[in-house]
Amino acid sequence: MSIRAQILNLLRDIQKRLGVSYLFIAHDLAAVAHMSHTIAVMYLGKIVEVGEATDVALEPKHPYTKALFAAALPIDFDRPRRTLPSRARFRARSIHPAAAGSTRAVPTSWSSARPKKPPLRPEAGRLVACHLY
């Protein structure tokens with residue numbers, strides 16, 4: 001077992017034994033999913049999705065969260081992993097340009113009425129900052 005895995009398991013044991021909480025900040029998504037009860041994903045300094053760790057890891061809602069987990073190494077969960085908004089921060093990388101504030105091929109209901117920055121809103125038991133929801 002690697003030193004990193006031993007440290008993460010030790011932190012989980014301490015958490016269970018002492019009832020402490022951690023704010024675990026990392027780019028290693030497998031470690032984040034393993035250590036966390038709740039995951040908050042940030043893009044350009046703003047939270048774009050918050051939810052229960054297994055839900056966010058296995059069924060991400062925000063396009064950036066989807067891209068992160070799609071690019072990450074597999075996570076050892078029992079369920080298989082499922083494999084991006086406005087002048088939203090993720091707009092340039094979104095596969096949904098109409099929802100992201102582009103005027104090309106935008107349904108009338110999405111045109112200029114779209115706010116520039118999507119707020120965090122409830123969606124399927126978590127918070128997501130994306131015009132798709």
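1. D28 is partly exposed, at 24% relative accessible area. On this scale buried means under 20%, exposed means over 50%, and partly exposed lies in between (1.4 Å probe, protein chains only). The model is predicted: local features need pLDDT of at least 70, side-chain atom pairs count only at pLDDT 80 or more, and totals for chains, interfaces and linings use all residues. Residues are numbered from 1 along each chain as its sequence is written, and side-chain values use heavy atoms, with hydrogens and water left out.

2. What does the side chain of D28 meet in a salt bridge? The partner is R4, at 2.9 Å from N to O. A salt bridge here is a side-chain nitrogen of Lys or Arg within 4 Å of a carboxyl oxygen of Asp or Glu. The pair links distant parts of the chain, 24 residues apart. D28 sits in the loop between α1 (3-18) and α2 (29-35), while R4 belongs to helix α1. R4 is exposed, with a relative accessible area of 55%.

3. The structure holds 2 salt bridges. R126 and E49 also form one through their side chains, again 2.9 Å from N to O. Buried or exposed? Both R126 and E49 are buried.

4. E49 has a further link. Its side chain and that of T65 are joined by a polar contact of 3.0 Å. Such a contact is a pair of N or O atoms within 3.5 Å; within protein, one must be able to donate a hydrogen and the other to accept it, and residues adjacent in sequence count only if both atoms are side-chain atoms.

5. T65 lies in helix α4, residues 63-71. T65 is buried, at 0% relative accessibility. Leaving aside residues up to four places away in sequence, T65 touches V41, V48, E49, V56 and P60. Contact means heavy atoms within 4.5 Å.

6. M42 comes from strand β1, residues 38-43.

7. Now the whole protein. It has 4 helices and 4 strands, in the order α-α-β-β-α-α-β-β. Helices (H or I, at least four residues) and strands (E, at least two) are DSSP runs, numbered from the N terminus. Of its 133 residues, 34% count as buried. The accessible surface is about 8,700 Å², 57% of it from carbon and sulfur atoms. Areas come from the Shrake-Rupley method with a 1.4 Å probe; for residues, only the protein chains shown count as cover.
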